[in-house]
Amino acid sequence: MKLIGPFKQIVTLANLPLRGKLADEQLQIIENGGIVVKDGYVEKVASYESLYKQYPDVETEAVEGTQICLPAFTDCHTHICFGGNRANDFAMRNAGKTYLEIAESGGGIWSSVQHTRAASEDELIQTTLERVNFLISLGITTIEIKSGYGLDVENELKMLRVIKKVQTMTDATLIPTCLAAHLKPRDFEGSNAEYLDFIVNSILPRVKEEGLAKRVDIFIEKSAFQPEESRGFLRKVNELGFEITVHADQFTPGSSRIAVEVGAKSADHLEATAEEDIAFLANSETVAVALPGASLGLGEKFTPARKILDANGILAIASDWNPGSAPMGNLITQASVLATFQKLSTAEVLAGMTFRSAFALGLEDRGRLEKGKKADFVTFKTDNFHNVLYRQGSLRAESVFINGKNVSNG
């Protein structure tokens, strides 16, 4: 056992509901607190002085200076395994070029597919690990990573194998998701429906056989896969035993309803969700995942987070870090901006980046600092936890703990 502290404030996020709106007054804040860790899990959180008296022989790890402590964050939607760079796309988009014009000039998702296919496994391991380490430095210790830039058997498996190998090189928890249904590749001879059948019959059995992913995603959109063919695909995926998540309602409405109907763990994006579908989504167990990084990268409106919470939905916030529409990767900055535009309380934002985001991945053992939860937490040098969002990502994490071990680099 180990006692870590004292912290000026510990924001535990204990006893908060999974769904619906939250007020900052609901937050449990322990002043001058400490955390007792046993075998990688939280044993007790209380005032440091009381813990020191209760556990007189415990090993201690001192916290220097004035610091606050939060549960570590979960980023439940990223695309950080990729090759190449799409800075030119960003410049062309800001100069007024359309998606089609960018694609015709060699940009877009297909550009990332070509670069990722051309990259060696070792190159992808190195760049993916670098991005994982950046996220850890922000206090993010659980990270979902999608494939989706391979779009054939060989390269989808290559991406998922890379994620599996990177998992052995980091203390963070990596959750792989197969997004072979990102879009129909240009070199596939056949219809969208035939490509989806190809995924079901040729890619997913290999994914399952090698234990590379337990989750499957699809991009339902006019430029990718249509609602009815996507619904059929997702039902087949379900029959194969995979969990489901959906890129839904990014530019056109309707697919979030499909996500709910097929029992998806989450519906992600939702920038274009129709008013009548907000209640339908909010009344389900499907998590609504806001991706403010995509709104910032594309200059589009934000997910209606305030309405989702007011309707008693489960709202998570993730970065969507990818080479095209969301290249920033800084979840705290993005969440702070979303809070400003959607009028979210600090409690709602912190819940959306911790236990609610973890729930979107089927994980309920983290995101709160209370007995029995995974001892993943992050500290910041400040005397007021509100400064984390107030500084919009410029207040860097001081220390990051995974399983009670400080994994910070210098």
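## Buried side of α8

In this predicted model, the buried residues of α8 (residues 227-239) are Ser230, Arg231, Phe233, Leu234 and Val237; buried means under 20% relative accessible area, exposed over 50%, and partly exposed in between, with a 1.4 Å probe and protein chains only. They lie on the same side of α8 because they cover an arc of only 165° around the axis, the arc being that of the directions from the helix axis to the C-beta atoms. The face turned away from this buried side carries the exposed residues Glu228 and Glu239.

Cover for the buried residues includes β8 (173-181), α7, β9 (215-219), β10 (243-248) and α9 (255-261). Helices (H or I, at least four residues) and strands (E, at least two) are DSSP runs, numbered from the N terminus.

## Packing against α7

The axes of α7 (residues 192-210) and α8 come within 10 Å and cross at roughly 10°, so α7 is roughly parallel to α8 (an angle under 35 degrees). Axes are lines fitted to C-alpha atoms, for helices over the stretch in contact, and angles run from 0 to 180 degrees between N-to-C directions.

In α7, Asn192, Ala193, Leu196, Asp197, Ile199, Val200 and Leu204 meet Glu229, Ser230, Phe233, Lys236 and Val237 of α8, contact meaning heavy atoms within 4.5 Å.

## End of α8

## Basis

Residues are numbered from 1 along each chain as its sequence is written. Local features need pLDDT of at least 70 and side-chain atom pairs count only at pLDDT 80 or more, while totals for chains, interfaces and linings use all residues; side-chain values use heavy atoms, with hydrogens and water left out.

Note on methods
Angles under 35 degrees count as roughly parallel, over 145 as roughly antiparallel, 65 to 115 as roughly perpendicular and the rest as oblique.
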